Amino acid sequence: MTTATLAEVLQPALKDGYAVPGLVCLGWEDARAYVAAAEAERAPVILQAGPSCREHTPLPILGKMFRHLAELVDVPVVAHLDHGYTMEDCEAALEAGFTSLMFDGSRKPLEDNVRETRAVADLAHSAGISAEGEIGFVGYSGGEDSAGTDPEEAAIFARETNVDAMAISVGNVHLQQDHEGGLDEARIQAIEATTGVPLVIHGGSGVPHEQRLALAQGSAICKFNIGTELRMAFGAALRAAVNADAARFDRVQILKDTHDPVMEAARLAIRSTGASGRA
């Protein structure tokens, strides 16, 4: 069993200058490919269950699945709740065997976000697992606009919530399909100057690979959430598998053809964070 908490993989990353990828899961096929990629790269990995994943598959199933996959490899695997919006979400994930809880109060006023995130952090720490919070709002490509993280508010949030990792908004956007963005490094430095917590970038697919690696090696960013680029790889592989034979109908055989392309995409994502060889 190599299940790990978020703190157990991020503290070494902060110390040694790399980041750990938080790979967004939607089901068995991609989660299995991510763990295979982590083992091939000898890297720690964070398997993330976000709202759309939880809508499709119940949390107790996801918890067992993540832990089962962790048992198959000898690299650290974190079972992470991504964007839990309520205490009930977090309590359910804890009960399901997750080793890390991310509470997202980023749409709330600072005082409410601090209070509710601290309650989740207390819950997690009392159970021997980790907690992530978010300050500033990371928007969505084609949807809600971002609200950048204020460094002074970040200092208050980090100090008063006692989270193990802090997600920030510094030019990153969820669901971005290209690498034309780039992060506000001056804002990152200002946040670093007021906090000592490992920092997290949601919407990591939109960050150029070169900037990912540079920030992993030279800043307090210790976790990049990566989903869209991996879903795109899955979709391309699935279309190719279906279109290759119009008479093919067995979904198990079709889905098997997605494994290697998604694994290779995940290996590239892992390399872009500098995590290869760190397990």
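Select C53 to start: its relative accessibility is 1%, so C53 counts as buried. Keep in mind that this is a predicted model.

Stay on C53 and look for a partner. Which cysteine sulfur is closest to the sulfur of C53? The closest one belongs to C25, at 6.4 Å, which is too far for a bond.

Now select C25. With 0% relative accessibility, C25 counts as buried. Check the distance from this side: the closest cysteine sulfur to that of C25 sits in C53, 6.4 Å away, too far for a bond.

A disulfide is a covalent bond between the sulfur atoms of two cysteines. The cut-off used here is 2.5 Å between the sulfurs. How many disulfides does this rule give? The count is zero.

Next stop: the second largest pocket. Select L26, G27, W28, E29 and D30, the lining residues that lie nearest its centre. The space inside comes to about 230 Å³.

Now colour by helix. Which of the elements supplies the largest share? Pick α2, which contributes four residues.

Finish by colouring the lining by residue class. Eight of its residues are nonpolar. Three are polar and three are charged.

To recap, leave two selections on screen. One is the pair C25 and C53, whose sulfurs are too far apart for a bond at 6.4 Å.

Terms used
Residues are numbered from 1 along each chain as its sequence is written. This is a predicted model: local features need pLDDT of at least 70, side-chain atom pairs count only at pLDDT 80 or more; totals for chains, interfaces and linings use all residues. Side-chain values use heavy atoms; hydrogens and water are left out. Buried means under 20% relative accessible area, exposed over 50%, partly exposed in between (1.4 Å probe, protein chains only). On a 1 Å grid over the protein atoms alone, a cavity is a set of points where a 1.4 Å probe fits but cannot get out, and a pocket is an open set with protein on both sides within 12 Å along at least five of seven lines; lining residues have an atom within 4 Å of a point. Grid points are joined across faces, edges and corners, and a volume is the space filled by probe spheres set on the points. Helices (H or I, at least four residues) and strands (E, at least two) are DSSP runs, numbered from the N terminus. Ala, Val, Leu, Ile, Met, Phe, Trp, Tyr, Cys and Pro count as nonpolar, Asp, Glu, Lys and Arg as charged, and the others, Gly among them, as polar.
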